[in-house]
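This report goes through the two chains in turn, then their contact and the confidence of the prediction.

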Amino acid sequence: MTKIPAIAEWLLERCGVPQGNESLMGDLVEERGSGRSAVWFWREAVVAIADSVARDLRDHKLLAVRAVATGWAVNLAWAQVMGVASRHELWRRHMGLYEALFFFTLLVWPAITGWVVARTHRAQQAAMVLAYAASVAISNIWNLSAHYSEMKACVQCTPDLWDTNLVLCCLLVLSTLVGGFLHRPQRRTS
Amino acid sequence: MAAGHSLNDLELLVLLALMRLAPEAYGVPIAREIETKAKRSVALSTVYSTLERLESKGLVKSELGEATEARGGRAKRYFQVTGLGVREVRSTRQALIGMWQGVPV
C-alpha cells in the first residue's frame with residue numbers, strides 16, 4: 001500500500017483538509033500509488049491547504065478578526081505581567097533568571113499564544129492561526145522598519161544588529177505557527 | 001436563466017465530466033477527464049471544492065463507496081448529476097450557443 005509522507009499527512013490534517021473530506025486524501029494516496037511524482041503530490045497538498053485556509057477565511061471573516069484580537073490580548077496580558085515583573089528586585093539579583101524569562105517571552109510565549117488562538121478557534125484553527133501569525137509578521141515588519149529608519153537617521157548611534165533583529169522576528173512568527181499547529185484540530189462534520 | 005443558477009466555467013466542466021463518467025465519477029477521473037478533454041489542469045482539491053459548491057446548490061448528489069487498501073483505507077465519494085443539474089447544463093449550453101451566434105471568430 002502506498003503511503004503519503006507523514007509530514008504531508010500531518011500538515012493536511014492540521015490545516016483541516018481531510019476533515020469531512022477523506023475522499024480527497026484517498027484520491028491523493030491513490031494517485032501517488034499509481035505513479036504520480038512527489039512534486040505532483042506536494043503541489044496538490046499545498047493547493048489543498050491554501051484552498052482550505054482561503055475558504056475558512058472567506059467564510060469566517062469575523063472569526064478571523066476575533067482570532068487576531070484574542071492573540072494580541074494574550075500578548076498584551078503577558079506584556080503587563082512582564083512589565084510588573086521587570087520592576088521587581090528579584091531580577092536585579094538574578095540576571096540569569098531575567099534572561100531566561102526574556103527568551104521565554106521571545107520564543108515560548110508566542111507558541112503559547114498561537115496555541116491559545118488555535119484552541120479558541122478549533123473548527124477553523126489553521127486559518128485563524130495563520131491570520132494571527134500574519135498580523136504578528138506585519139507588526140514586526142512595521143516595528144523593524146521604523147527602528148531601522150531611526151537608526152539610519154541617528155548619526156551618533158552605533159550600527160544596530162539588524163540581521164539579529166530580523167532573525168528574532170522570524171523566530172517569533174515561526175514559534176506562533178508551531179504553537180498553533182501543535183494543537184489538534186476539531187473534527188468537522190460534512 | 002431557467003433554473004435560477006449561474007455556472008462558472010469550472011462548474012460547467014465538472015458537470016460535463018460527471019455526465020461523461022457516470023456512474024464511476026469521483027475526484028481522480030473527474031480531474032483526468034477535464035485534463036484530457038478540456039486540456040485544462042485542475043487540482044483535486046479544486047475539483048472537490050467545486051463539487052461541494054454544486055452539491056450545496058442541489059446540482060449534484062454524492063454517496064460514499066467502499067474503502068480500499070490502495071487508497072489507504074479511505075472511501076471514494078461518487079458523484080452524480082441531479083435532474084436540476086442536467087437542466088442547468090442545458091440552459092448554460094443554450095445561453096452559450098445564443099451568445100456565439102454572430103460572433104465573427
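Of the 190 residues of chain A, 31% count as buried. The model is predicted. Chain A has 8 helices and 0 strands, and along the sequence its pattern reads α-α-α-α-α-α-α-α. The radius of gyration of chain A is 21 Å, whereas a compact globule of 190 residues would have one near 16 Å. Along the principal axes, the C-alpha atoms of chain A fill a box of roughly 65 × 35 × 30 Å.

Chain A is divided into two parts: domain 1 covers 1-59 and domain 2 covers 60-190. The centres of domain 1 of chain A and domain 2 of chain A, taken over C-alpha atoms, are separated by 29 Å. Among contacts in chain A with a separation of 6 or more, 82% are accounted for by residues 24 or more positions apart.

One residue pair in chain A can be given in detail. I112(A) is found in helix α6 of chain A, which spans residues 95-120. I112(A) and G71(A) are 41 residues apart in sequence, and their C-alpha atoms are 9.6 Å apart in space. Is I112(A) buried or partly exposed? I112(A) has 16 other C-beta atoms within 10 Å; a residue needs 20 or more to be buried and 12 or fewer to be exposed, so one in between is partly exposed. I112(A) is therefore partly exposed.

Chain B has 4 helices and 2 strands, in the order α-α-α-β-β-α along the sequence.

| Property of chain B | Value |
|---|---|
| Box filled by the C-alpha atoms, along the principal axes | roughly 55 × 25 × 20 Å |
| Buried residues | 33% of the 105 residues |
| Contacts joining residues at least 24 apart, among those at least 6 apart in sequence | 51% |
| Mean pLDDT | 91 |

The helical part of chain B includes helix α2, residues 27-37, in which G27(B), V28(B), I30(B), A31(B), E33(B) and I34(B) are buried. Which elements cover the buried residues of α2(B)? The cover includes α1 (9-21) and α3 (44-56) of chain B, together with α2 of chain A.

P23(B) lies in the loop between α1 and α2 of chain B. The peptide bond joining A22(B) and P23(B) is cis, with omega at about 5°. K39(B) lies in the loop between α2 and α3 of chain B, and its phi is near 55°, a positive value in a residue other than glycine. For context, most residues other than glycine have a negative phi, and most peptide bonds are trans. K39(B) has 7 other C-beta atoms within 10 Å, which means that K39(B) is exposed, because the limit for an exposed residue is 12 or fewer.

The two strands of chain B belong together. Strand β1 (residues 60-68) and strand β2 (residues 74-81) of chain B pair in the antiparallel sense over 7 bridges. Within this pairing, E63(B) has Y78(B) in β2(B) as its bridge partner. β1(B) and β2(B) form a hairpin with 5 residues between them. In the turn, G72(B) has a positive phi of about 70°.

The contact between the chains takes 19 residues from chain A and 17 residues from chain B. On the side of chain A that touches chain B, the elements giving two or more residues are α2 (22-33) and α3 (38-59) of chain A. α2(A) gives the most to that side, with 11 residues. By class, the side of chain A that touches chain B has 7 nonpolar, 4 polar and 8 charged residues. As noted for the helical part of chain B, α2 of chain A is also among the elements that cover the buried residues of α2(B).

Confidence remains to be stated. For the complex, the predictor gives an ipTM of 0.83 and a pTM of 0.76. In chain B, 95% of the residues reach a pLDDT of 70 or more. Confidence in chain B is highest in α1(B), at a mean of 96, and lowest in β1(B), at 89.

Methods: Residues numbered from 1 in each chain as written. Chains lettered and ligands numbered in written order. Predicted model: local features only at pLDDT ≥ 70, side-chain atom pairs only at ≥ 80, totals over all residues. Contact = placed C-beta atoms within 7 Å. Nonpolar A, V, L, I, M, F, W, Y, C, P; charged D, E, K, R; others polar. Pairing = 2+ DSSP bridges. Rg over C-alpha atoms; globule rule 2.2 N^0.38 Å. Domains from an automatic or database assignment. pLDDT = per-residue confidence, 0-100.
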